[in-house]
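Work through the exercises below with the model open. Try each task before reading its solution.

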Amino acid sequence: MTRPARVALKVFVWAVCLAPLALLAYRAWNDDLGANPISFITNTLGDWTLRILLASLAMTPLRIVFGLSWPIALRRLLGLFAFAYVCLHFAVWSVLDFFFDWPRMWADIVKRPYITMGMLALVSLIPLAATSTTGMTRRLGARNCSRLHRLAYFAAVCAVVHYLWLVKVGVKDPYWYAAALVILLGVRAGEWGRHVVRRRRGRASAPPPAGSRAENPLS
């Protein structure tokens, strides 16, 4: 993919990811946030956090399944947008719901399991955002970065569970997100399994080191 094409693709991602915020601002300006504006804003930000996070996790499976290279260029950008949305989601909850009443917030986190899972998702994304710069990637090294960024899958699992435990019985949206996450995890697990098999086959077919004898039970 050419550089202009990559730039155009990233501009498109920026536009798509910022559109929900623009729509929220427009609805707030027109006093069109429903009977419970705080709940509407919180839920909208939470929904888009999960959507963008799953989109970022889908970039590697797209490369694996279809052999595409361009999705990898969008993975970090989408991950940062997911982090931005979860921070806004948390900010609305902490400021508008509790107005920085930290003891009450902590009690709510401990008391309500779905909030506990949401906080785990947020905390899991912090080190990913902190190490997303090119300089930090170089300092950590490719292998360490790869290991660290597995937290994104843990964050997605926590976010899906948070949504499942939050909504009322009969609401199907979180199950769609859960199904999407299962598919993404399945693709990564399948790729990991193939990698393990290839590595073992490579070791089995490698020639013995120079100067060594093949094992012979009669020798």
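**Exercise 1: Salt bridges**

The structure holds four salt bridges. A salt bridge here is a side-chain nitrogen of Lys or Arg within 4 Å of a carboxyl oxygen of Asp or Glu. This is a predicted model: local features need pLDDT of at least 70, side-chain atom pairs count only at pLDDT 80 or more, and totals for chains, interfaces and linings use all residues. Residues are numbered from 1 along each chain as its sequence is written, and side-chain values use heavy atoms, with hydrogens and water left out.

Task: Find the partner of aspartate 108 and classify both residues by accessibility.

Solution. 
- Step 1. Aspartate 108 pairs with arginine 112, at 2.6 Å from N to O.
- Step 2. Apply the cut-offs: buried is under 20% relative accessible area, exposed over 50%, partly exposed in between (1.4 Å probe, protein chains only).
- Step 3. Aspartate 108 has 12% relative accessibility, so it counts as buried.
- Step 4. Arginine 112 has 33%, so it is partly exposed.

Solution. 

**Exercise 2: A pair within one helix**

Task: How are glutamate 191 and arginine 194 placed in helix H9?

Solution. 
- Step 1. Their side chains form a salt bridge of 3.0 Å, N to O.
- Step 2. Both sit in helix H9 (residues 173-205); they are three residues apart, so about one helical turn separates them. Helices (H or I, at least four residues) and strands (E, at least two) are DSSP runs, numbered from the N terminus.
- Step 3. Glutamate 191 is partly exposed at 24% relative accessibility.
- Step 4. Arginine 194 is partly exposed at 42%.

**Exercise 3: Serine 56**

Task: Is serine 56 buried or exposed, and which residues does it touch?

Solution. 
- Step 1. Locate serine 56 in helix H2 (residues 37-66).
- Step 2. Its relative accessibility is 7%, so it counts as buried.
- Step 3. Leaving out residues up to four places away in sequence, serine 56 touches Arg75, Leu78 and Gly79. Contact means heavy atoms within 4.5 Å.

**Exercise 4: The whole chain**

Task: How many helices and strands does the protein chain have, and what share of its residues is buried?

Solution. 
- Step 1. Count nine helices and zero strands.
- Step 2. Of 219 residues, 31% count as buried.
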